[in-house]
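Open the model in your viewer and keep the sequence panel at hand. The stops below are given in the order in which to select them.

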Amino acid sequence: RYGDAEKLAILTTQKFPEHQFAWTVLGAVLKQTGRVSESLFAKHKAVELEPLDAQAHYNLGVTLQKLGRLDEAEASYREAIVLKPDFAEAHNNLGNTLQELGRLDEAEASYTEAIALKPDYAKAHNNLGASLQKLNRFNEAEASLLQTLALEPDYAEAHFNLGCVRKEKGELEAAIDSYKKAIKIEPDYVEAFYNKSLVHLTLQDFESGWSLYEWRWKIKKFSNKPLQSSKPLWKPTKKQRVLLWCEQGVGDEIMFASLIQDLYSSSSKLIVLADKRLIPLFRRSFPDDIDFRPSNEAVSETEYDSQIPMGSVPLYFRQSIDSFKNSAQGWLSASSVKAKNLRSQLLSDDSGILIGISWHSIASKKYKASNKAIPLNKIAPFLHSSKVKLVSLQYGDVDHEIEKLLIDFGIKVIQVPEIDNMNDIDGLAALISACDEVVSIDNITAHLAGSLGKQGKILLTSSHNWYWGQGQQKSYWYNSINLYRQSRIGDWEHVIKQL
């Protein structure tokens, strides 16, 4: 009876302003009823009245963490632990805060301490497993999560995390089984449905995968928000005016652009919202009467009859491997004049062969981005020869790495200053087309090379994105792309040996 509790707590604090427990109750009630910001004052007041109360500091930390004020939350949890060193819940929540701050080693230590203090603490075992997964210590993560489930068999989040670990280990059927168990316990477990979709897509079970992929829009922290429109979602019934809108990253847009022609053929008129950096390239590559507009532009609902996000179009046009064949030879066209001029400029010294290289990523999850990256000084020496000129296709500030490579190995990587590889994607496409082939990790360069039909060698981590499939050496999205996979996490030596 939160309403009654709140009234009593307020009355008590008004009559007895120094009644610490009343402030504690008020803070708890406000948090439970979703008024987290309002609860902050009450919890601060409880700490102020009883500064030696470990529980009060802990309660304050919980609210600060919920509000995303992580540094302050960390300080509150640490104060609670100073006052009560055996406070297992404070150690656990400190671990959660440190994990959110990206300090995974410290988070591991906090979870380990919580478990030492309370060996049957299932939540801490689960959180330790999730943290170990991010540290790429998958066997240890799996052991922690199995221990969690031994303590609490119906712990849905632990089944989900175990599914994620098994997915990372390449045990895809086992991952599906774990996700199913999580869903059985929590029938609306959005993340479990979405991750299950990615495993089905990795296994090329497109019929199951694409339908489950629609769960992405229910994920609170999904990279995009759905288009706000009263118009219905497009379905292949009759030819209509259709609005196709982009989602996720630029690499995803390029990949899903392989379906623009399919949707165009099924529409009376097609408007496409895309990242403005892609529009010059798209306009050159697709029929003239497709209306391409920047993704941040509002489109009047009077201009279209139905709408669909890019990632939902495969549900209707990519139900089998054979359905990829028509587009897999490439669907984008770079400026042939610009590509020819760049090639002449770069080969003016008669070196003969141009290999474009890209070795970094700016993935939203930093630990994923660092896993995907390969050091320039590890890959460049194996591509270099007297007849080869290496060309940087890498976006971001990589001047220092390129300079260091020249100093340490005497290998020069050419940068083309007139092309901004991050923002001038049409120029980058021309630069890729000027090369004889491309060697890249899984980033926008890989998608751009494949969509242009450029010969490419893509270097993949052992745990890679679903669209590269499992085990095969050729990409089904891109005929021109050969795939080189790690045999285990971090093992670039194996990939270089294959290369």
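Angles under 35 degrees count as roughly parallel, over 145 as roughly antiparallel, 65 to 115 as roughly perpendicular, and the rest as oblique. This is a predicted model, in which local features need pLDDT of at least 70 and side-chain atom pairs count only at pLDDT 80 or more, while totals for chains, interfaces and linings use all residues. Residues are numbered from 1 along each chain as its sequence is written, and side-chain values use heavy atoms, with hydrogens and water left out.

Select helix α18 (residues 336-346) and helix α22 (residues 425-434): their axes come within 8 Å and cross at roughly 55°. The two helices, α18 and α22, are therefore oblique to each other. Show side chains next: K338, A339, L342, R343 and L346 of α18 meet G427, A430, L431, S433 and A434 of α22 (contact means heavy atoms within 4.5 Å).

Move to the open sheet, where four strands run in the order β3-β2-β1-β4 with parallel pairing (strands pair if DSSP finds at least two bridges between them). β3 (291-294) and β4 (306-309) are at the edges with a single partner strand each, so one side of each has no neighbour in the sheet. From one strand to the next, the twist averages 20°. Now pick β1 (residues 241-245), which pairs with β4 in the parallel sense over four bridges; L243 has Q307 in β4 as its bridge partner.

Finally, select I260, which touches L244, L270, V272, F282, F286, I290 and F292, leaving aside residues up to four places away in sequence.

How values were computed: Axes are lines fitted to C-alpha atoms, for helices over the stretch in contact, and angles run from 0 to 180 degrees between N-to-C directions.
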